[in-house]
Amino acid sequence: MCCRMGFLKPVANLVSLMRGPKYDGAFLHDKIKSLTHDVRIADTVTNVVVPAFDVKCLQPVIFSTYEAAHEPLKNAHLSDICISTAAAPTYFPAHFFRTEGAAADGEKPGHREFHLVDGGVAANNPTMVAMSMLTKEVVRHNPDFRPVEYGNFLIVSIGTGSPKLAEKYTAPKCAKWGLLRWLYDGGFTPLIDIFSHASADMVDIHAQVLFEALRCEKNYLRIQDDSLVGHTSSVDIATKENMEALIGIGRELLKKPVARVNIDTGVYEPVSGGGTNEQALERFARKLSDELKLRKKNLNSY
């Protein structure tokens, strides 16, 4: 009986996934709402940028603190934004909400509907989203920003980790797959894995090449662990043991050398003379601290 049940487990998992999302999201929604209350994105203490994807319009939706000031209909409650960007397909249900307020052109009040899922669908690595939104504020002549000089940008891109799937799939193997196997294969989701890796890696490549072309490659730091295995590679195992294992992985990452992706192989390779991730973060912190001191000094001189 045990062997038979073990054989049927993958089938049961597949049937469950086809029936609906793994979780109803009720607990997550309540927890987010209890933490954020009625705060809207325009009220955040620091400027934030949060991507999501609208399944009705089939296009990304970017929420940001700055943009909310110009477009009241995008000044949504932080709870709705957090729930939306966490609504990973197959794990949580898509999130619907409506905003009301004056239109962007200042005309009569209106409303806007949002039908959103996980921001990772549009920006699994949101580095370029943040850079684009900063550039947009410069175009708007936002006084908080100078003309675009990417050499002044400091980007710390921290990945959430991913399982080591390289060489798991091969062309001869995939060539035999039908629709179901592309969606689910032995506990993995090949099509989702491929899209998410491609999206994140392409952004990393674009950012890396851009900063190298501008001769300021040290201003872009990507920290990612792509060797997660077992429970640590799951997005929904929140046991104490797993959380402690993830903390341990994070600490080990600090000691690892700064690495950049090899555009030809997709493998992260240590940067000669780049030091460790911990040393790079300390260097970034010093730069930010010096900039803050300079701004305060200039402000006090007026």
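## The largest cavity

In this predicted model, the largest cavity holds about 40 Å³ of space. A search of the whole structure finds 1 cavity of 30 Å³ or more. The residues that line the largest cavity are Asp204, Gln208, Tyr220, Leu221, Arg222, Val258, Ala259, Arg260, Val261 and Tyr268.

Rolling a probe the size of a water molecule over the atoms shows where empty space is left.

## A nonpolar patch on the surface

Leu179, Leu180, Leu183, Leu191 and Phe195 form a nonpolar patch on the surface, and together they have about 510 Å² of accessible area. Helix 8 (179–183) and helix 9 are the elements that give two or more residues to this patch. The largest share, 3 residues, comes from helix 8.

Leucine 183 has its place in helix 8. Leucine 183 counts as partly exposed because its relative accessible area is 42%, a value between the limits of 20% and 50%.

## A mostly covered helix

Helix 4 (residues 78–85) is mostly covered, with 6 of its 8 residues buried. The buried residues of helix 4 are Leu78, Ser79, Asp80, Ile81, Ile83 and Ser84.

Side chains of opposite charge can pair when their charged atoms come close. A search of the whole structure finds 12 salt bridges. In one of them, the side chains of glutamate 113 and lysine 56 meet at 4.0 Å, N to O. This pair links distant parts of the chain, 57 residues apart: glutamate 113 lies in strand 4 (residues 109–117), and lysine 56 lies in the loop between strand 1 and strand 2 (59–64). Glutamate 113 is partly exposed, with a relative accessible area of 29%, whereas lysine 56 is exposed, with a value of 59%. Lys56, Arg98 and Glu113 are linked in a network of salt bridges.

Another salt bridge joins the side chains of glutamate 278 and lysine 255 at 3.0 Å, N to O. Here too the pair links distant parts of the chain, with glutamate 278 in helix 11 (residues 277–300) and lysine 255 in helix 10 (residues 240–255), 23 residues apart. Glutamate 278 counts as partly exposed at 29% relative accessibility, and lysine 255 is exposed, with a relative accessible area of 57%.

The side chains of glutamate 291 and arginine 295 meet in a salt bridge of 2.9 Å, N to O. Glutamate 291 and arginine 295 are separated by about one helical turn, because they are 4 residues apart in helix 11. An α-helix has 3.6 residues a turn, so residues three or four places apart point the same way. Glutamate 291 is partly exposed, with a relative accessible area of 28%, while arginine 295 counts as exposed at 53% relative accessibility.

## Two histidines with positive phi

Most residues other than glycine have a negative phi. Histidine 37 has a positive phi of about 55°, although it is not a glycine. Histidine 37 is found in the loop between helix 2 (26–36) and strand 1 (49–54), and it counts as exposed because its relative accessibility is 56%.

Histidine 141 also has a positive phi, near 65°. Histidine 141 is found in the loop between helix 6 (127–139) and strand 5 (155–158). With 69% relative accessibility, histidine 141 counts as exposed.

Note on methods. Residues are numbered from 1 along each chain as its sequence is written. This is a predicted model: local features need pLDDT of at least 70, side-chain atom pairs count only at pLDDT 80 or more; totals for chains, interfaces and linings use all residues. Side-chain values use heavy atoms; hydrogens and water are left out. Buried means under 20% relative accessible area, exposed over 50%, partly exposed in between (1.4 Å probe, protein chains only). On a 1 Å grid over the protein atoms alone, a cavity is a set of points where a 1.4 Å probe fits but cannot get out, and a pocket is an open set with protein on both sides within 12 Å along at least five of seven lines; lining residues have an atom within 4 Å of a point. Grid points are joined across faces, edges and corners, and a volume is the space filled by probe spheres set on the points. Patches are made of residues with over 30% relative accessible area and no salt bridge: like charges are joined within 9 Å, nonpolar side chains (Val, Leu, Ile, Met, Phe, Trp, Tyr) within 5 Å. Accessible areas come from the Shrake-Rupley method with a 1.4 Å probe; for residues, only the protein chains shown count as cover.
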